[in-house]
Every structure is written in structure tokens, then in C-alpha cells.
Amino acid sequence: MTKKPALITGISELAPQKNPAGQRTLALLAQAARLAIEDAALQKRDIDGLLVTPPSEDSAFMWPAQVAEYLGLAPAFLNMVELGGASAAGAVARAAMLVERGICENCLCLSGGVWDSQVFNTLQGKMSVMSQAEIDYELPYLPMGFNTGYALIARRHMQLYGTTPEQMAKIAVDQRFNALQNPLALFNQAPLTIEEVLQSPLITDPLHLLEIVRPCSGAAAAVVSRSKSEANTHTAVSVLGWGEACTHNSIVYAPEITISPVKQSARRAFAMAGLKPADIELLSLYDCYPITVIITLEDAGFCAKGEGGCFVADNDLTYRGDFPCNTHGGQLSMGQASFAGGMSHIIEVVRQLRGEAGERQVARNRLAFVNGNGGVMSTESSLILGRAEDE
Amino acid sequence: MSDQTRKYHQYLNQGELWLQYCLNCKKYIFYPRSHCPVCWQSELEWRKSQGKGRVYSYSIIYAQSMTDHEVPYIYSLVTLEEGVRLATHIVECDPKEVYVDMPVEMAIRKIGEQLMPVFKPAAPV
């Protein structure tokens, strides 16, 4: 890499909340923004870029301006990044471009919102996240939202490659072990066993209840900067590479549902960073369901196509293990705080690369791979982050 | 509802599944739309489907809160002989019997308010 890469200089993450009562998206975003600039040892006036993920309840019309007004910001660049669950990683990638191009000094990437299951479990709520084609050609058949899309991927992967329910459940189990050391995680009270996962009710076969992410409310933020403030005592984290890809919106029209656009997004990220999967020491992979992790591992090149199930069974994904992945517990144990679910993976990697992950700190923490995933493996945004001192 | 979706339903209401065929690419497309997603030409001709295909993947749904539709039901992606894939139900089939690659044939059933194409196990040849 010839030019100086952008740095992540500040992070914040609010504890995910099950109960949406009394919460407002803008208030959550304001709290996350304040904590992130404090973490970066910056003042509000230092922020000259704003990238925000979509609102979950407010009108999306002019959303970046709504957020800028609420926060009293007058940014030189503002935009909404809408890549579903890949939005947060996409925001960090865009912020890196803005900073490296000299358009912004400090770009605030803001993600989060209120999630009210009462609203989103209604027909109207489901339709609000569907394209017209999905409403016309899928909704009449009553899919169980995103769950069924991933169930279709899992079923076909099992058929083609012999992936087993135990292998998928093991991801939830290892991640729960990680969450037990994360005070922010929604599910950090008790460990989980493979038997418990497989004995939880089948919802949309082959997915069991404990393999399905729990949407909730929350917010998280990252500050992407040209340089670190002198007062900032944290280790800076470099955005070494990123890549994006999209092959479909609805899974019905994916070229082959067991192959995701991670194949392209990861390849682009590794090429930009001049690195390869074997260089990576820590992973943080969007995990709305265990099958998402398996497909991502395969398509990013951490194992061969079809071997993801065996790979997770043979490797220890915990923070103590040989292949640490989703050391915060993943969204399966952390909770999926609106669009901040995707940001959570980035925040955790920054903690680990800084050496600030406490009880769950990994030993090897130089280089990390992060993947954001939107829709039903529709949009992918991959990031390669590294400890800046090692530049 | 788009003109193409309206047309799709007109055929279903007559008991038939019709698909768009791109005269430029010489291939079927799905879902119906104004332009071919491959070549962006708009010379799309409606042709009647033979209604035969294979299960591409499936999920047995045990819980849903949207309607009073009976559970479980088999939600499926079916690849038609014409080369396109669509979302559908597998009907007249025990959930224990369905499998990836199972040959299926079309039937038209009312789901909710609409007549929609569904698929049942193909009769042995």
C-alpha cells in the first residue's frame, strides 16, 4: 500500500436493548456519536463527514440531513449507506475513501436504531423491507422473512456438501462462549450446548430458534480519520483494504444460492491490502445465522467451497481458540441492534487490535478480516483492518 | 401492480403459467418486467410454461404469524425446465418426502386471495 491508509480512531457501542419502549433512534445515534468522538479525543467541530445507516422507524427522506440537524453538525460530506446488514462496513469503506481523497479529516460512521418487534412482525412491517418483486412473487407464499431465505441456503448447502445441523449449531455454541465475557451482550448469562441448539424449536427448517438472530435496539459508531489526535491514547487501526459486491436482492434470483458475493468482496479487499486469508489472525463475520458464517468462510477463502461445516467443527472459534471468530459473541449472542448489528463486528475488531478486549482479548491481534452482509447474502462489504503501529 | 404482474395474474386466473421470453437473448426471464435483465432490450414475448421443474431448495415452515395459513408448509425454490427459478409451495407432499432435485409439476391453487402457481411431486413417467 503506497498511500497512508485511513485510520479508525474512535469507537462506541451502546448495550443492545430488547425493550424498545421510550427509545428514539435519533437519541440512540446522538449517544453513540458523543461516545465515539470522546473515544477519539475529538471535538464535535472536528467531524466534517457523516455517513449514516438507514433509520428503522423514522422516515428515510433526507435522513443524513435529519441526523446532521439533530446532532448540530454541518458536514462537508453526508450520505446514507443502505446495504442492509453490510451498511456499517460499507460506511467505513466509504469513509476511508473520503479521508484518503482528502475530502474529510474525520468522518463519523453512525449506525443504529429502535427495533420494535410489534411493528416489524406485522404484514405492513414485513412489506417495508421487501422489494415490489418480493411482494408480488414471494410474499403470497408466506416466507418467514429473512429466516426462510437463509434456511433455503442452509438446506441446499447440506444437500450439496453434507453440512450437518451439528456443525451449524457449533458456531452458535462457540460464540456464546465468547459472549459470556462480553458485558454488553444480550445473551451472556449461560453457556450453550450443541444439544440445546438442536433441541430448540425448528422455525423454518433447517433453522432452529437458537440459530436465528434476535433483532433489538441499539447504536454504534466509528470515527474514520486522516490522522490520530494527539490526545488520543488508543492504538489506531488502519483500514488496509475493502471490497464490496452484490449479485442479487432476493435470494430467489441469486446465481447459485450457496455461493455469495463474498467471493468478490473479499477478493477485492485482500487485493487492495496486498494480503491473503492466511495472514489474518482474527475474524468478525456477519452472523445473522450460522450458515452465513460458513458461506463467508468458504467464499472469503479461509477454507475450500463446501468445507465450511467441517472447518468450524475442527477449529475452535472462541477467543481462546486457534481461529478466533466473532469474539464479542457475534450477533447471535450479542443481539442484532438494528443496522448497528453490522457495526458491532467492526467495533469488536478495533477493541481486539487495540488490545482492549479485556477477558476475551486474543493473543494474536495484528490483522483482522471483517465481513458485513446484507439481505439474504445479497450485498457484501469486506474490510481488512490492521494495527496501525505495525505499518 | 405493474402491467407485467397484472398480465402474469391474468394468465394464472385462466389456470396457466406464462413466462416472459427475451427475443434477443432467446432465453426465459423471471420475474416479469419491462426490460430483459441480461440485454436490457424490451422485446419480451409471453410464452406458456410447460409447468415442469425440479426442487432447487426448500424450507419447511413451522411457524408464521401473518395469516391463518395451516402449518407446516413447504416453501420452495423450483427451477423450471424453461431455465428460470421461482419461489413457490410444494403441495400434496409429506414434508418428510421432499428433497432437493425432486421432479415436480405445476398446479394452480388459491393462497390467501390470489391464484398462484404451486408444485406437486411429478407423476411417475
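**Interface, helix packing and backbone features**

Across the interface of chain A and chain B, the rule finds 0 salt bridges, and this holds for a model that is predicted. On the side of chain A that touches chain B, the elements giving two or more residues are α5 (123-127), α6 (132-137), α7 (145-161) and β5 (202-204) of chain A. Of these, α7(A) gives the most to that side, with 6 residues. By class, the side of chain A that touches chain B comprises 19 nonpolar, 4 polar and 7 charged residues.

In terms of extent, 30 residues of chain A are in contact with 33 residues of chain B, and the area buried between chain A and chain B is about 2900 Å², of which carbon and sulfur atoms give 64%. Within chain A, the residues that lose the most area to chain B are A:Tyr137, A:Tyr141 and A:Leu142, which together account for 31% of what that side buries.

Salt bridges do occur in the structure, which holds 23 of them over all chains. One salt bridge is formed between the side chains of A:Asp174 and A:Lys170, at 2.8 Å from N to O. Both A:Asp174 and A:Lys170 belong to helix α8 (residues 165-179) of chain A, where they are 4 residues apart, about one turn of the helix.

Helix packing was examined for helix α1 (residues 25-39) and helix α2 (residues 63-71) of chain A, which pack at an angle of about 65° with their axes 10 Å apart. The crossing in which α1(A) passes α2(A) is right-handed. To this contact α1(A) contributes A:Thr25, A:Leu26, A:Ala27, A:Leu29, A:Ala30 and A:Ala33, while α2(A) contributes A:Trp63, A:Gln66, A:Val67, A:Tyr70 and A:Leu71. The contact of α1(A) with α2(A) has 9 nonpolar and 2 polar residues, and no charged residues.

Most residues other than glycine have a negative phi, and most peptide bonds are trans. In chain A, a cis peptide bond joins A:Asp205 and A:Pro206, with omega about 10°, and A:Pro206 lies in the loop between β5 and β6 (207-208) of that chain. In chain B, a cis peptide bond joins B:Phe30 and B:Tyr31, with omega about 5°, and B:Tyr31 is placed in the loop between β2 (27-29) and β3 (44-48) of chain B. A:Ser338, a residue other than glycine, has a positive phi near 50°, and A:Ser338 is located in the loop between β11 (336-337) and α14 (340-354) of chain A.

Notes. Residues numbered from 1 in each chain as written. Chains lettered and ligands numbered in written order. Predicted model: local features only at pLDDT ≥ 70, side-chain atom pairs only at ≥ 80, totals over all residues. Heavy atoms only, no water. Axes fitted to C-alpha atoms, helices over the stretch in contact; angles between N-to-C directions. Left-handed = near helix turned anticlockwise from the far one by under 90°. Contact = heavy atoms within 4.5 Å. Nonpolar A, V, L, I, M, F, W, Y, C, P; charged D, E, K, R; others polar. Buried area = accessible area lost by both parts, 1.4 Å probe. Salt bridge = Lys/Arg side-chain N within 4 Å of Asp/Glu carboxyl O.
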